[in-house]
Amino acid sequence: MIQFSNVTAAFDGHNVLEDVSVQINPGEFVFVVGQTGSGKSTLLRLMYMDVMPEKGAVIVGKYNSQTIQTNEKPYLRRTLGIVFQDFRLMEDRSVYENVAFTLHVTGTPRKEIKKSVLRALADVGLSHQRNKMALELSGGEQQRVVIARALVNDPLFLLADEPTGNLDPTTSWDILQLLKAINTRGTAIIMATHNHELVKRMNARVIEIRDGKLIEVKDF
Ligand SMILES: Nc1ncnc2c1ncn2[C@@H]1O[C@H](COP(=O)(O)OP(=O)(O)O)[C@@H](O)[C@H]1O
Ligand SMILES: [Mg+2]
């Protein structure tokens with residue numbers, strides 16, 4: 001579970017979020033919408049504690065922003081899958097190696113790595129492309145690799161910050177369908193977007209950030 005209790009987040013003395021409380025449960029699909037600069041990325045960064053609240057508490061599973069130690073943050077992040085808009089793949093490495101990378105870094109046994117990577121690639125429909133170089137793939141395929149990389153730890157929550165921001169409408173819709181399928185298999189999805197067409201076409205929870213407050217939008 002992800003819970004915000006009376007969270008205020010600020011940069012340089014300016015409040016981006018003010019006294020915000022919200023709860024997101026395992027298995028949910030939630031869109032976060034709002035104008036550019038409204039605080040969508042900040043909301044997600046609070047969840048993986050890259051930004052810390054000025055006031056209040058962010059609770060993610062067993063981690064609490066008020067008590068977490070800096071050296072625990074990597075462990076928190078391993079319980080989440082994180083997808084950024086400007087996906088950064090290692091272009092000179094294969095698809096397989098890109099997805100395997102974090103598992104190598106954390107010292108996972110080779111046999112386990114193989115199992116996890118093949119499962120994650122199957123989940124995004126890219127098993128057949130595993131030996132290609134990342135650079136050889138289309139933009140949509142590259143974003144699938146990024147999603148596979150985020151799924152490799154089998155996270156309870158997948159956080160996606162404008163994952164379709166650089167993609168054409170058809171590819172964006174495909175990526176959204178993929179996220180929906182991943183959600184159906186049990187992973188909660190929290191997706192920041194300003195693509196209102198996508199949000200309208202999906203029957204999901206919508207949270208809007210406006211003037212530092214969160215609004216639950218019915219009938220988006
Ligand atoms: N690291 C930072 N330092 C200073 N200001 C920041 C920083 N990150 C974000 N902001 C400011 O916080 C506000 C919200 O930003 P952000 O969460 O990125 O919005 P969104 O993702 O909705 O476009 C903006 O005014 C932005 O300029
Ligand atoms: Mg943003």
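Modeller: Gladly! A residue is near a molecule if one of its heavy atoms lies within 4 Å of it. Around ligand 1 these are Phe11, Asp12, Val16, Gln35, Thr36, Gly37, Ser38, Gly39, Lys40, Ser41, Thr42 and Arg45. This is a predicted model, where local features need pLDDT of at least 70, side-chain atom pairs count only at pLDDT 80 or more, and totals for chains, interfaces and linings use all residues. Residues are numbered from 1 along each chain as its sequence is written, chains are lettered from A and ligands numbered from 1 in the order in which they are written, and side-chain values use heavy atoms, with hydrogens and water left out.

Colleague: Which polar atoms lie 2.7 Å, 3.0 Å and 2.9 Å from an oxygen atom of ligand 1?

Modeller: A polar contact is a pair of N or O atoms within 3.5 Å. A polar backbone atom of Gly37 is 2.7 Å from a ligand 1 oxygen, a backbone N or O atom of Gly39 is at 3.0 Å, and Lys40 brings a polar side-chain atom to 2.9 Å. The protein buries 61% of the 560 Å² that ligand 1 exposes when taken alone (Shrake-Rupley method, 1.4 Å probe).

Colleague: And Thr164: buried or exposed?

Modeller: Buried means under 20% relative accessible area, with a 1.4 Å probe and protein chains only. Thr164 is buried, because its relative accessible area is 5%. Leaving aside neighbours within four places in sequence, Thr164 is in contact (heavy atoms within 4.5 Å) with Ser172, Ile175, Met191, Thr193, Asn195 and Leu198.

Terms used
Polar contact = N/O pair within 3.5 Å; in protein donor to acceptor, adjacent residues only side chain to side chain. Buried < 20%, exposed > 50% of the residue type's maximum accessible area, 1.4 Å probe, protein only.
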